[in-house]
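Please open the structure in your viewer and keep the selection tool at hand. The tour goes from one selection to the next and says what is there.

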Amino acid sequence: MQPNWDDLRVFLTLARNDSLSRAGKQLRLDPATVGRRIARLETSYGASLFVKSPTGYALTEMGERLLQHAERAEQSMQLAEEAMSGQEEGLRGQIRIGAPDGAANFVLPQVCAEIARANPDLEIQIVALPRLFSLSKREADFAVAVSPPQTGRLMVQKITDYRLSIAAADSYLARHDPITTVEQLRPHRIIGYIPDMIYSKEVDYLGEIGIEAPQLASNSVSVQAHWIRQGAGIGIVHDFSLPALPGVSRVLPKRFSLLRSFYLLRHEDDKRLERHNRFAAALTEGMRKEVQRLEALS
């Protein structure tokens with residue numbers, strides 16, 4: 001019995017999720033069915049493809065070898081689907097973007113709404129998490145990152161620069177003496193990231209002003225922004241978020257500003273997928289324009 005593509009699809013999903021239940025949820029199959037399909041594939045090859053460990057299902061040496069071929073088969077199926085679906089008529093299917101929640105909350109909704117209006121058969125998913133995404137495990141088709149990775153089979157494209165500023169609610173500033181130097185920030189209640197959950201040195205914003213432990217901390221940019229808007233303290237915000245935060249103003253705008261960049265990450269194997277190429281072009285251009293527009297309003 002020769003393995004078929006559907007069994008290879010189940011194999012890929014389990015390899016990327018490490019769990020029968022998570023793989024089944026993604027495939028819309030019950031875990032027992034996933035297990036039977038893997039057993040059938042192992043029988044076909046006469047070898048074990050997975051070993052169950054305390055952390056889930058791990059690939060055996062034979063499984064690692066099959067993974068490379070299965071990924072190539074997946075790409076061939078995607079290319080065939082593109083060729084038969086008339087991509088010139090618009091983008092179709094599902095695309096998932098992983099992004100830090102600053103970009104996900106304040107930039108991507110507008111950009112992706114515009115792309116969706118131009119491509120009514122396209123389904124777009126935004127996963128807003130302050131962490132890096134595994135493109136090799138297909139947690140996302142694209143990832144927006146704040147620093148280019150140094151390892152992995154990835155295509156990396158700079159999207160745009162953006163700025164961050166110290167900010168506080170006007171109501172908070174009205175209750176306190178004027179702030180004219182960075183040193184005068186120290187007695188204030190500071191809002192920022194939970195120190196041990198900072199996932200990249202690029203988001204260690206408070207380190208730039210010599211503050212290590214904020215009194216109000218969250219791993220979410222959105223939570224921090226809402227604390228600032230409620231007048232709970234002083235923090236650092238993306239300039240592109242300020243139009244969505246009425247009543248919040250920059251503090252020390254002439255003395256302090258941070259410059260950072262967004263990068264678009266894609267798996268190297270996807271470079272032949274015209275659908276992904278076209279989406280990447282629309283996304284990068286849209287993000288670049290939207291950041292510029294929002295910063296001009298701030």
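For the angle between two helices, each axis is a line fitted to C-alpha atoms over the stretch in contact, and the angle runs from 0 to 180 degrees between N-to-C directions. Please keep in mind throughout that this is a predicted model.

Begin by selecting helix α1 (residues 5-17) and helix α3 (residues 31-45), which pack at an angle of about 115° with their axes 9 Å apart. Because angles of 65 to 115 degrees count as roughly perpendicular, α1 is described as roughly perpendicular to α3. The crossing of these two helices, α1 and α3, is left-handed. To display the contact itself, show the side chains of D6, D7, L8, V10, F11 and L14 in α1, which meet V34, R37, I38, R40, L41 and Y45 in α3. Among the residues of this contact, eight are nonpolar and four are charged, while none is polar.

Next, select helix α6 (residues 108-118) and colour L108, V111, C112 and I115, which are buried. These residues cover an arc of only 90° around the axis, and therefore lie on the same side of α6. An α-helix has 3.6 residues a turn, so residues three or four places apart point the same way.

Finally, go to the loop between β8 (216-217) and α8 (221-229), where S218 is found. Is S218 buried or exposed? With a relative accessibility of 8%, S218 counts as buried, because the cut-off for buried is under 20%. If neighbours within four places in sequence are left aside, S218 is in contact with G192, Y193, I194, V223, Q224 and W227.

Terms used: Residues are numbered from 1 along each chain as its sequence is written. This is a predicted model: local features need pLDDT of at least 70, side-chain atom pairs count only at pLDDT 80 or more; totals for chains, interfaces and linings use all residues. Side-chain values use heavy atoms; hydrogens and water are left out. Buried means under 20% relative accessible area, exposed over 50%, partly exposed in between (1.4 Å probe, protein chains only). Helices (H or I, at least four residues) and strands (E, at least two) are DSSP runs, numbered from the N terminus. The arc is that of the directions from the helix axis to the C-beta atoms. Contact means heavy atoms within 4.5 Å. Angles under 35 degrees count as roughly parallel, over 145 as roughly antiparallel, 65 to 115 as roughly perpendicular and the rest as oblique. A crossing is left-handed if the near helix is turned anticlockwise from the far one by less than a right angle, and right-handed if clockwise. Ala, Val, Leu, Ile, Met, Phe, Trp, Tyr, Cys and Pro count as nonpolar, Asp, Glu, Lys and Arg as charged, and the others, Gly among them, as polar.
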